[in-house]
Amino acid sequence: LADVDELITIKRELNYRISVQSAKLLRLLKQKDRLLHKVQKNCDIVTACLQAVSQKRRKYFLCVCILVQVVY
């Protein structure tokens, strides 16, 4: 009977630890998603600026201003 109680206790502890690690994993995955979105947004801005410069458009100044705001 003691062995059964010990196994039940071990099972509860394992379930708790799995729950804690799952919550950590979920938090980190959400953080990764947010950071990837931010990087993609910044890459889009840089691409737009490069296109504006290559096409000698007046957007260049606007893009530089936006880029400076994003970086700083």
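Reply: Let's begin with Cys-43, which is partly exposed at 40% relative accessibility. The cut-offs for that word: buried means under 20% relative accessible area, exposed means over 50%, and partly exposed is in between, using a 1.4 Å probe and protein chains only. Cys-49, by contrast, is buried, with a relative accessible area of 7%. The count of disulfides (a pair of cysteine sulfur atoms within 2.5 Å) comes to 0.

A quick word on where this comes from. This is a predicted model, in which local features need pLDDT of at least 70 and side-chain atom pairs count only at pLDDT 80 or more, while totals for chains, interfaces and linings use all residues. Residues are numbered from 1 along each chain as its sequence is written, and side-chain values use heavy atoms, with hydrogens and water left out.

Now for the part I'd zoom in on: helix 1, residues 2-54. Helices (H or I, at least four residues) and strands (E, at least two) are DSSP runs, numbered from the N terminus. The protein chain has 2 helices and 0 strands. Helix 1 has 53 residues and should span 78 Å at 1.5 Å a residue, and its end C-alpha atoms, 77 Å apart, agree with that. The expected span is 1.5 Å times one less than the number of residues.

What is tucked away in helix 1? Its buried residues are Ile-45, Cys-49 and Ala-52. Across the protein chain, buried residues make up 6% of the 72 residues.

Leu-7 is also in helix 1, but Leu-7 is exposed, with a relative accessible area of 57%. Together with Ile-10, Leu-14 and Ile-18, Leu-7 makes a nonpolar surface patch of about 400 Å². Patch residues have over 30% relative accessible area and no salt bridge; like charges are joined within 9 Å, and nonpolar side chains (Val, Leu, Ile, Met, Phe, Trp, Tyr) within 5 Å. The areas come from the Shrake-Rupley method with a 1.4 Å probe, and for residues, only the protein chains shown count as cover.

Finally, there's 1 salt bridge, meaning a side-chain nitrogen of Lys or Arg within 4 Å of a carboxyl oxygen of Asp or Glu. Arg-17 and Glu-13 form it, at 2.7 Å from N to O. Arg-17 and Glu-13 are 4 residues apart in helix 1, so about one helical turn separates them. An α-helix has 3.6 residues a turn, so residues three or four places apart point the same way. Arg-17 is exposed at 51% relative accessibility, whereas Glu-13 is partly exposed at 36%.
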